[in-house]
Amino acid sequence: MKEQLARLWSLQSLDTILASAKKRLLAIPEDIAAAERALADADKKKKTALAEIEASRLARKKREGDIAANEAEILKFSGQLAQVKTNEQYKALEHEIEHLRTKTGTIEDEILGLLERDEELAGELVAAEKAVAAAVTGLEKTRIEAAEEEKALKAESEHLTEKRTAAAATIDKAVLAKYESIRKADGTIAMSRLVRDACETCYRQVPDQRQIEVRQAKNLVTCEGCGRILYQEDPE
Ligand SMILES: [Zn+2]
């Protein structure tokens, strides 16, 4: 049984590496999805910056139109100044002109504000474009690396599976069946080392008599805590 347990322990090493390769294989698409999300986010920010720049441009155009209309109005009223008959009419026109000039001043301030915002937006667009370029490169790199890693992992898994099949063939069927049933139920490992006086996996203390049995390795001894087969390697 000692030899069988040692083989089973080697089998478990292979199973552990196989399981981690499988887990990594399943995680690879998520790496690509994350890189794709990063690109979509960067692209969205760029589109937002472009839309804001366009909105600002239209707003400025509208304000410039408002100023032109104001100026035309001022010109018209100024022309009327020479034709009015009464002092009241004159003052009323002057007042109107003054009001329009103030309005033009306000719109000019608004345009200045928009121009300042345009500078900020131009900066935001440059940053967004850089982010998009970086995300495109990142996605491309992730895809290449993922494909390489996937290929390597698949080759490794195949190689390990062959090795595992050969290793399993050297183990007694009943012992192997016990190992497989524990592994299946547990989802991870079926064997645990006895370290000092406890199970290495669940830390349950192993009674003295069972410790002796584990060391003698005449039969399969399982942990009372986690049900795994207890194993103790020969001291080197
Ligand atoms: Zn245990």
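Me: Leaving aside neighbours within four places in sequence, what is V206 in contact with?
Reply: V206 touches L194, D197, A198, C199, Q211, V214, C223 and L230, sequence neighbours within four places left aside. Contact means that the two C-beta atoms, placed from the backbone, lie within 7 Å.

Me: What kind of model is this, and what pLDDT do local features need?
Reply: The model is predicted: local features need pLDDT of at least 70, side-chain atom pairs count only at pLDDT 80 or more, and totals for chains, interfaces and linings use all residues. Residue numbers start from 1 along each chain as its sequence is written.

Me: OK. How many residues are in the largest nonpolar core?
Reply: 15. L8, Y179, A190, V206, I229 and L230 have the most contacts inside it. A nonpolar core is a set of buried Ala, Val, Leu, Ile, Met, Phe, Trp, Tyr and Cys residues joined through C-beta atoms within 7 Å. Buried means 20 or more other C-beta atoms within 10 Å of the residue's own, exposed means 12 or fewer, and partly exposed is in between, with C-beta atoms placed from the backbone.

Me: Which elements give two or more residues to this core?
Reply: α1 (2–81), α3 (173–186) and β3 (229–231). α1 gives the most, with three residues. Helices (H or I, at least four residues) and strands (E, at least two) are DSSP runs, numbered from the N terminus.

Me: What lies apart from that core?
Reply: Another core, of seven residues. L39, A42, L121 and A128 are among them.

Me: Switching to the helices. At what angle do the axes of α1 and α2 cross?
Reply: Roughly 165°, and the axes come within 5 Å. α2 covers residues 87–169. Axes are lines fitted to C-alpha atoms, for helices over the stretch in contact, and angles run from 0 to 180 degrees between N-to-C directions.

Me: How are α1 and α2 oriented to each other, then?
Reply: Roughly antiparallel. The classes are: under 35 degrees roughly parallel, over 145 roughly antiparallel, 65 to 115 roughly perpendicular, the rest oblique.

Me: Left-handed or right-handed crossing for α1 and α2?
Reply: Left-handed. That is, the near helix is turned anticlockwise from the far one by less than a right angle; clockwise would be right-handed.

Me: In what sense do β1 and β3 pair?
Reply: Parallel, over three bridges, with β1 at residues 191–195. S192 stands opposite L230 in β3. Strands pair if DSSP finds at least two bridges between them.

Me: How many bridges join β1 to β2?
Reply: Two, and these strands run antiparallel; β2 is residues 198–199. L194 has C199 in β2 as its bridge partner.

Me: What does R196 do in that hairpin?
Reply: The hairpin has two residues between the strands, and R196 takes a positive phi near 55°. Most residues other than glycine have a negative phi. R196 is exposed, since 8 other C-beta atoms lie within 10 Å.

Me: And what phi does Y203 have?
Reply: Positive, about 65°, although Y203 is not a glycine. Y203 is in the loop between β2 and α4 (208–216). Y203 counts as exposed, with 12 C-beta neighbours inside 10 Å.
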